[in-house]
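Please walk through the structure below, starting from single residues and ending with the whole chain.

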Amino acid sequence: MAAEGPFKGKNRFPRMMWLLGRLGSSSLPPVYGNCRVLLFPRGRGFFRALHAAIRRARGSILVEYYLIRDDRTGRALAEALASAVRRGVRVWLIYDALGSLETPSAFFEDMARQGIEVTPFNVPSVRRGLLWFDRRDHRKMVVIDGAMAFLGGCNIGDEYSGLLQGPGRFRDFGFGISGNAVGDLVRSFRQTWWMERGELPEVPAGVVPDPFLARSGRAGVVIVSGGPHQRGSYIRSAFLFHIAAASEEIIIATPYFVPGLRLVRSLMRAARRGIKVMLLLPARSDVPLVQFLGRSYYTPLLKRGIEIRELAGEILHAKVMLVDGTRTILGSANLDQRSFHRNFEINGIVTDARFGVQVRRMLSKDLRAARRITLDVHEGRGWVTRILERGIGLFGRFL
């Protein structure tokens, strides 16, 4: 635990109110109580639970993913959704046109023939212009009967589900939510569908939820939906708010670390207040340019005593921040400029000590397996690397 600081205990509340004023509290999303949140620490368990929920669906399934592959995991999802349609369930699916560029169009055409209502997000178009082309739907979620949702960092592919072995395997996790917060996810999905199709999907109402999905819990949940249509980044504001409100410990895992100066300064201020700050980042990335740029932020953070570890073996793809062991931000958004400004993202903020214990246990295991980065070793990197970092930094907002 950190030493007593000016914002410990009862003094934390004034700081939170001060920050709310800075961030603009008029458009804050609502907090939903009595939600049930389930953590799936590995992709295999996440997909097993997702398929079980799809088999229990009675009225509607909403699917929104950045990447859906035509592999064993993708085909298994397609068959599960088609089976639901044959039972009389309405299924809508949104996939990102650029994120799923390598997936044959025949894969989605076959889903449509099976009765699944499919639409691609932001198909490249001269009419929309180059700037709009850069805006992607990076969300990852499935909503079952408007009663339970599955979210996280996992896309639909073998590298996420645990079926792919070897160096290309991703380290990721997912989580499930049931309760009133799911209504926000339904509204978010319908808005995205309307954006692409100019019509709102008529999601069936009045479906009696599966008793398993309807069970209430004790967690407080906030849904933060971010996108380039917003005047400011709601995603980044949520991170800034909870970093500033921390009183003991902050643990962050993210695969793409391009936080920008505002977030770096917030982390450094937290360390200066005596907060223990730990970052879990990838030792090997599927986007090497982003990793080069991310490492350029290490020096000032290490000098402030922030602990940085890099996970090897699997490619880290998990996106989560745990604050004081009780407040967890997790979902599709990375700590990078693209997630803050260019992508449509969806995050959940969960306030629940028991859920926090599970998340901390998961992160602690990965932290122990990761290599700690020291300032002297990092400063010993060659001049070629430093030049690359500076050059790539010119394009940081778009990575």
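Asp145 has a relative accessibility of 9% and therefore counts as buried, since the cut-off for that class is under 20%. In this predicted model, Asp145 sits in the loop that links strand 6 (140–144) to strand 7 (148–152). Its backbone is worth a look: phi of Asp145 is near 55 degrees, a positive value in a residue that is not glycine.

Asn34 also has a positive phi, near 55 degrees, and is likewise a residue other than glycine. Asn34 belongs to strand 1 (residues 32–40). Its relative accessibility is 55%, so Asn34 counts as exposed; the cut-off for that class is over 50%.

Next comes a pair of helices. The axes of helix 9 (residues 234–245) and helix 10 (residues 260–272) come within 9 Å and cross at roughly 10 degrees. The two helices are therefore roughly parallel to each other, as angles under 35 degrees are classed that way. The crossing of helix 9 with helix 10 is left-handed. On the helix 9 side, the contact involves Arg236, Phe239, Leu240, Ile243 and Ala244, which meet Arg262, Leu263, Ser266, Leu267 and Ala270 of helix 10. Sorted by class, this contact comprises seven nonpolar residues, one polar residue and two charged residues.

The chain as a whole contains 16 helices and 20 strands. Of its 399 residues, 57% are buried. Among contacts with a separation of 6 or more, 83% are between residues 24 or more positions apart. The protein chain exposes about 17400 Å², of which carbon and sulfur atoms supply 56%.

Note on methods
Residues numbered from 1 in each chain as written. Predicted model: local features only at pLDDT ≥ 70, side-chain atom pairs only at ≥ 80, totals over all residues. Heavy atoms only, no water. Axes fitted to C-alpha atoms, helices over the stretch in contact; angles between N-to-C directions. Helix = DSSP H or I, 4+ residues; strand = E, 2+ residues; numbered from the N terminus. Parallel < 35°, antiparallel > 145°, perpendicular 65-115°, else oblique. Left-handed = near helix turned anticlockwise from the far one by under 90°. Contact = heavy atoms within 4.5 Å. Nonpolar A, V, L, I, M, F, W, Y, C, P; charged D, E, K, R; others polar. Buried < 20%, exposed > 50% of the residue type's maximum accessible area, 1.4 Å probe, protein only. Areas by Shrake-Rupley, 256 points an atom, 1.4 Å probe, with all protein chains shown as cover.
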